[in-house]
Amino acid sequence: MALFWCTECMPLAVTALLPVVLFPMMGIMTAAEVSIEYLKDSNMLFIGGLLVAIAVEQSNLHKRIALRVLLVVGARPALLMMGFMIVSSFLSMWISNTATTAMMLPIAEAILQQLKAIEIQADERDFPVAADDNHGFEMEPRPTKLEISNDNQPDTNTQQEDTVSMEDRYLLLTKGMSLCVCYSSSIGGTATLTGSTTNIILKGQVDKMFPENGDVINFASWFAFSFPNMVLMLVISWIWLQFMFLGFNLKESFGCGVKSGRDQEAREVMREEYLKLGRIRFDEVAVLVIFTTLVLLWFTREPGFIDGWATVLFNQEKAFVSDGTIAILMSMLFFVIPAQLPRFGGYGYDEAGKKINSPPNLLNWQKVHERMPWSIILLLGGGFALAAGSERSGLSTLLGDSLSPLEKIPPYAISLLLCLLVATFTECASNTATTTLFLPILGSMAIAIKIHPLYVMLPCTLAANLAFMLPVATPPNAVAFSFGGLRVIDMVKAGFMLNILGILTINLGINTWGYAMFDLGNIPAWVNATLSQP
């Protein structure tokens with residue numbers, strides 16, 4: 001399936017359906033057991049997040065936000081990319097990585113469309129025939145904008161080349177912006193204990209395997225170790241994506257040492273466009289209130305350092321309410337709240353000339369049906385089914401048994417090798433399933449070869465979030481794949497190097513400040529206490 005997803009020899013959603021056919025025929029899982037994997041709670045969160053994103057676009061709120069952000073940040077692509085990575089990573093520290101990606105991508109797309117329109121307008125004004133000379137977006141020298149032939153007529157071929165050049169540059173920038181949002185969302189989720197499901201799984205496994213651990217993994221200790229690691233990974237990711245999609249030229253990307261009037265001109269055009277939007281409308285306010293409420297509910301559901309509202313009201317015995325529950329609840333409001341304030345005299349007339357007595361809702365199902373990437377839901381389900389089959393077939397047990405020869409290798413090398421293994425496995429399975437499968441094996445292995453359990457469990461948990469190469473690897477990748485005009489090979493090229501750099505960064509952290517924080521050079525007393533229990 002990974003090979004098919006990489007080569008796209010079949011549509012991605014069709015490849016994702018292979019477990020429905022092959023697992024029952026191979027005797028791994030029944031058809032009913034496989035099918036139920038295709039609509040998990042994560043899919044509900046995915047659907048809810050995209051419903052919110054569609055509502056934002058429907059109300060045109062994303063254009064208002066986009067123009068406002070542009071006025072603050074400016075038109076330089078490197079700064080735009082950096083700004084979106086910072087915002088996405090910060091949001092994903094507190095709310096779902098999938099929801100963060102689904103909300104940020106429409107805004108990024110709107111900004112790029114606005115920049116492209118501004119560049120075209122400015123070029124048409126400066127060079128009425130054809131032009132393309134925004135140095136902020138120029139990544140390599142190109143032919144002059146306008147070549148006049150002997151009879152003073154424009155060179156049509158040059159005009160066409162300039163148009164194609166601008167389209168290519170904006171396609172590259174769109175791909176880079178889509179990837180920077182989804183990657184930074186995944187990276188940001190590693191910074192807090194509640195930022196990713198894998199982090200919670202680690203705490204649960206440590207508490208279960210070592211009940212006398214003294215709460216070694218808590219909100220504060222996790223943040224102290226993971227936040228510096230997240231910042232370092234974010235900077236490295238930005239540099240790599242900048243180099244891959246924009247070209248690493250500081251003068252052109254940041255405008256260092258360049259006095260250009262085009263940026264100021266772009267700001268003025270954007271200011272005019274922003275003023276054309278007029279006062280904020282009721283539907284924009286309603287969507288903004290629902291989104292803000294959704295973020296607050298996500299953040300306060302289970303903050304980690306105190307009991308959240310879901311814990312107090314619903315989740316005392318077990319986790320009844322999840323982020324997906326909240327996402328669906330809030331997105332349902334878009335279908336019942338009107339897009340206009342109530343008023344007398346009706347709401348205009350329809351195409352048949354009949355008077356409309358009720359206002360339209362913020363969202364209608366026809367719009368959702370047109371915009372919802374249903375194939376991505378099958379793509380995610382295929383990943384969950386593949387992970388379930390790996391567990392049921394005994395593949396995870398086989399992998400655990402193959403790790404026993406690692407006893408003869410130094411601990412830092414064991415950590416590095418296991419991170420590589422986990423990062424590879426998580427590309428074809430969900431990070432939650434990967435962590436669930438590997439952590440018990442790694443904890444038992446650490447006891448057997450007499451090293452600190454966190455020396456392997458902690459970096460491997462972070463490595464499970466380094467799923468950057470395939471759309472199916474993690475929901476943020478799937479969301480970005482549905483937005484940014486990406487091909488699978490684009491994500492593989494960008495993600496492969498980020499996987500390597502991420503593994504090196506994690507192991508740098510675990511062998512420096514992490515080594516001192518958790519005293520990884522010594523076997524803790526709570527491990528010995530566990531071993532002494534009958």
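Predicted model: local features only at pLDDT ≥ 70, side-chain atom pairs only at ≥ 80, totals over all residues.
Figure 1. Cys182 is itself buried, its relative accessible area being 0%. For Cys419 the closest cysteine sulfur is that of Cys460, at 4.5 Å, and this separation is likewise too far for a bond, because a disulfide requires the two sulfur atoms to lie within 2.5 Å. Cys419 also counts as buried, at 0% relative accessibility, and the structure as a whole holds zero disulfides.

Figure 2. With a relative accessibility of 5%, Asn465 counts as buried. Leaving aside residues up to four places away in sequence, Asn465 touches Ser186, Thr190, Ser196, Thr198, Asn199 and Asn431. The C-alpha atom of Asn465 is separated by 8.4 Å from that of Gly189, although the two residues are 276 residues apart along the chain. The side chain of Asn465 also reaches the backbone oxygen of Thr461, at 3.1 Å.

**Figure 3. Helix 23 and the residue Gly485 just after this helix.** Helix 23 is largely enclosed by the rest of the structure, because eight of its nine residues are buried. The buried residues of helix 23 are Pro475, Pro476, Asn477, Ala478, Val479, Ala480, Phe481 and Phe483. Just after helix 23, the backbone of Gly485 takes a positive phi of about 60°.

**Figure 4. A nonpolar surface patch that includes Phe496.** Leu416, Leu417, Leu420, Phe496, Met497, Ile500 and Leu504 together make a nonpolar surface patch of about 550 Å². The elements that give two or more residues to this patch are helix 20 (411-425) and helix 24 (488-510), and helix 24 gives the most, with four residues. Phe496 is found in helix 24 and is partly exposed, with a relative accessible area of 48%. An α-helix has 3.6 residues a turn, so residues three or four places apart point the same way.

**Figure 5. The salt bridge between Arg392 and Glu33.** The side chains of Arg392 and Glu33 meet in a salt bridge, with an N to O distance of 3.1 Å. This pair links distant parts of the chain, since Arg392 lies in helix 18 (residues 374-393) and Glu33 in helix 4 (residues 31-35), 359 residues apart. Both partners are partly exposed, Arg392 at 45% relative accessibility and Glu33 with a relative accessible area of 29%. The structure holds three salt bridges.

**Figure 6. The salt-bridge network of Arg281, Asp283 and Glu284.** Arg281 forms a salt bridge with Asp283, in which the closest N and O atoms are 3.2 Å apart, and a salt bridge with Glu284, for which the closest N and O atoms are also 3.2 Å apart. These contacts link Arg281, Asp283 and Glu284 in a network. Arg281 counts as partly exposed, at 36% relative accessibility, whereas Asp283 is buried, with a relative accessible area of 11%, and Glu284 is buried, with a relative accessible area of 1%.

How values were computed
Residues numbered from 1 in each chain as written. Heavy atoms only, no water. Buried < 20%, exposed > 50% of the residue type's maximum accessible area, 1.4 Å probe, protein only. Contact = heavy atoms within 4.5 Å. Polar contact = N/O pair within 3.5 Å; in protein donor to acceptor, adjacent residues only side chain to side chain. Patch = residues over 30% accessible without salt bridge, like charges linked within 9 Å, V, L, I, M, F, W, Y side chains within 5 Å. Areas by Shrake-Rupley, 256 points an atom, 1.4 Å probe, with all protein chains shown as cover. Salt bridge = Lys/Arg side-chain N within 4 Å of Asp/Glu carboxyl O.
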